[in-house]
Amino acid sequence: MRRPGEVLQRLVNAVTGNSGEAATKICIQMTPLPPAAMKWRKGLRGVTGVVLCIVGFVMARATPYRETSVIIRAAGCPLVTDVIDRGDDDVRGYVVLLHGLSANKKIMNYLARGFAAQNLRVFVADLPGHGRTPGPFSFERAETCTEALVRELAARRAIDPKRTILAGHSMGGAIAIRAGARLGIAGVIAVSPAPMQAAHGVPVDMLPYTNPPPLPPHTLAISAALEPLGIREITRDLVYGGRWRDEQIFVRPTGHACQRALRPACGACFAGVERGDAEISGEFNTPSAAPLFGGLAGLAGILLLAGPFVRETLGMPNEGSRSANEAAAPDRHHMPAELATIPAFRVLLEVAAVSFATVALLRFWNPLSFVRLYNGGYFASFLLIAGVAILLIHRKSLRASWPAEIKAVLFASFAAFALHLLATAWFDATLAEAWLSWARWARFPALFVAAFAYLFGEELLLGPVASRGRQARVWLALAVRAIAFVALLFGIFVLHSGAILVILLALYLALFFLFQRLGMDIVRQETGSPIAAALFGAILLAGFCLVIFPVT
């Protein structure tokens with residue numbers, strides 16, 4: 001029997017080749033997952049995704065309320081409007097509900113159904129440039145069209161102004177306060193109203209409106225406890241600062257603002273209208289959250305199906321069917337010498353320098369302002385200038401990436417468009433109006449070019465998947481985008497760019513960038529082509545921008 005030391009020495013000699021004896025080869029075979037088990041796992045993932053989509057759709061579409069859509073033309077504003085009630089023709093009152101900046105009427109469904117549960121008829125419209133209402137959007141036009149909508153509804157006797165609440169969130173809350181002061185309605189509910197005065201750290205260039213009017217009677221102002229930038233304090237000043245009336249209330253909920261404040265809101269706004277007391281009679285029932293959970297469940301199902309769909313579309317087997325070596329380095333045969341790995345610290349320094357220089361340049365020149373999307377042209381110009389700068393810095397790697405395999409480019413494009421259409425169709429049916437109109441699609445080419453320039457440069461900086469590893473590559477990509485976001489914040493607060501949607505949509509941008517990056521890495525891993533990966537990501541990013549930025 002050999003001693004342990006001899007066994008260890010033989011292993012070392014076998015590896016180093018220093019043994020005087022014949023070299024002994026040691027091979028450790030990585031056993032791949034059996035085909036049957038792999039197919040079972042893929043099948044389970046597919047079935048789970050489909051079931052989540054079906055169950056989510058049923059949950060999201062089920063509603064006990066009567067909901068109809070109409071187009072109300074008021075003073076040249078063709079506002080696409082949903083009318084929601086319990087189905088009773090004899091209602092106790094009316095609510096005109098307004099959404100915030102970059103939102104739409106479907107996002108307000110939960111609050112609208114909460115009002116409808118009190119036997120109120122709710123009119124919730126897409127403001128100009130949002131959802132299905134055509135542009136152009138401006139803050140002034142949104143206010144004008146809202147006032148025209150209320151007057152038109154009153155002229156048609158669809159509402160009784162003395163039994164009508166004008167309610168809104170964020171920008172819609174500010175509009176409700178401003179228009180409500182002139183309309184003679186029963187009351188106003190402003191949920192986290194947009195600031196209308198420069199105070200508490202909010203600069204004047206970030207205000208959608210200025211010169212707030214005296215608050216109308218029976219006003220309820222709701223502000224969340226953790227709102228940033230002093231917005232909560234500005235709301236408090238608006239209510240208490242020299243314009244206080246007995247009917248005006250300031251609420252600072254610690255939880256869900258709309259849900260907790262809905263009952264006192266209805267009571268305060270109808271005080272003296274029904275029975276002269278301060279609260280609507282009857283139990284208050286919050287609407288079901290099943291539609292929200294259904295929409296999220298279906299979205300989770302789509303995400304489960306997205307990865308296998310992209311791999312199958314690209315004509316590559318699932319990574320579990322390849323050997324360990326192939327999975328670790330799928331694009332090694334497509335790695336020219338010019339595409340050498342760039343150290344991470346250099347990547348971050350380059351992106352920081354380019355991003356801050358781009359923001360400084362945008363103060364004087366916005367090449368894509370003609371796109372006419374609120375803050376969208378600025379964002380696209382940032383992507384275009386920063387992307388072109390990175391590509392010029394790494395022009396040798398740029399030349400080495402051409403030509404791209406036509407099959408990979410075409411299939412990556414098809415996969416991106418299919419995922420965009422699937423995701424927007426799902427959101428449009430459940431959570432938010434995301435299906436693009438032809439007016440928005442007309443802006444796609446300019447956004448696509450800008451997004452492709454930036455993402456192609458990002459792919460060159462990240463290098464091949466095999467050279468850095470998938471997880472490290474994802475984290476580096478997210479760090480690169482975080483630096484770009486900081487540069488955009490610098491432009492907002494220091495250079496006064498006015499691109500406030502970058503802040504308001506930060507959470508949605510972060511979630512989108514995470515899943516988009518994972519999808520791009522699948523394309524890069526399966527095809528080995530930075531062009532195909534950038535093309536895939538650019539189509540998704542351009543489509544996302546068309547959904548979230550209002551048309552001006």
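A crossing of two helices is called left-handed if the near helix is turned anticlockwise from the far one by less than a right angle, and right-handed if clockwise. Keep that handy for the first exercise.

A word on the model: it is predicted, so local features need pLDDT of at least 70 and side-chain atom pairs count only at pLDDT 80 or more, while totals for chains, interfaces and linings use all residues. Residues are numbered from 1 along each chain as its sequence is written, and side-chain values use heavy atoms, with hydrogens and water left out.

**Exercise 1. Work out how H17 and H19 pack, and which classes of residue meet there.**

Step 1: find the helices. Helices are DSSP runs of H or I with at least four residues, strands are E runs of at least two, and both are numbered from the N terminus. H17 covers residues 470–493, and H19 covers residues 506–527.

Step 2: get the geometry. Axes are lines fitted to C-alpha atoms, for helices over the stretch in contact, and angles run from 0 to 180 degrees between N-to-C directions. Here the angle is about 140°, and the axes are 10 Å apart. That makes H17 oblique to H19; under 35 degrees counts as roughly parallel, over 145 as roughly antiparallel, 65 to 115 as roughly perpendicular, and the rest as oblique.

Step 3: pick the hand. H17 passes H19 in a right-handed crossing.

Step 4: look at the residues. Contact means heavy atoms within 4.5 Å. Among those that meet are Val474, Leu478 and Phe485 in H17, and Phe513, Leu514 and Arg517 in H19. By class, the contact has 9 nonpolar, 2 polar and 6 charged residues. (Nonpolar: Ala, Val, Leu, Ile, Met, Phe, Trp, Tyr, Cys and Pro; charged: Asp, Glu, Lys and Arg; polar: the others, Gly among them.)

**Exercise 2. Is Phe512 buried or exposed? Which residues does Phe512 contact?**

Step 1: Phe512 sits in helix H19. With 15% relative accessibility, Phe512 is buried (buried is under 20% relative accessible area, exposed over 50%, partly exposed in between, with a 1.4 Å probe and protein chains only).

Step 2: skip neighbours within four places in sequence, and Phe512 touches Leu540, Leu541 and Phe544. Phe544 is 32 residues away in sequence, yet the C-alpha atoms are 8.3 Å apart.

**Exercise 3. Which cysteines form the disulfide, and what is its hand?**

Step 1: a disulfide is a pair of cysteine sulfur atoms within 2.5 Å. The whole structure has 1: Cys77 with Cys145, S to S 2.0 Å.

Step 2: the S-S torsion of Cys77 and Cys145 is about -65°, so the disulfide is left-handed.
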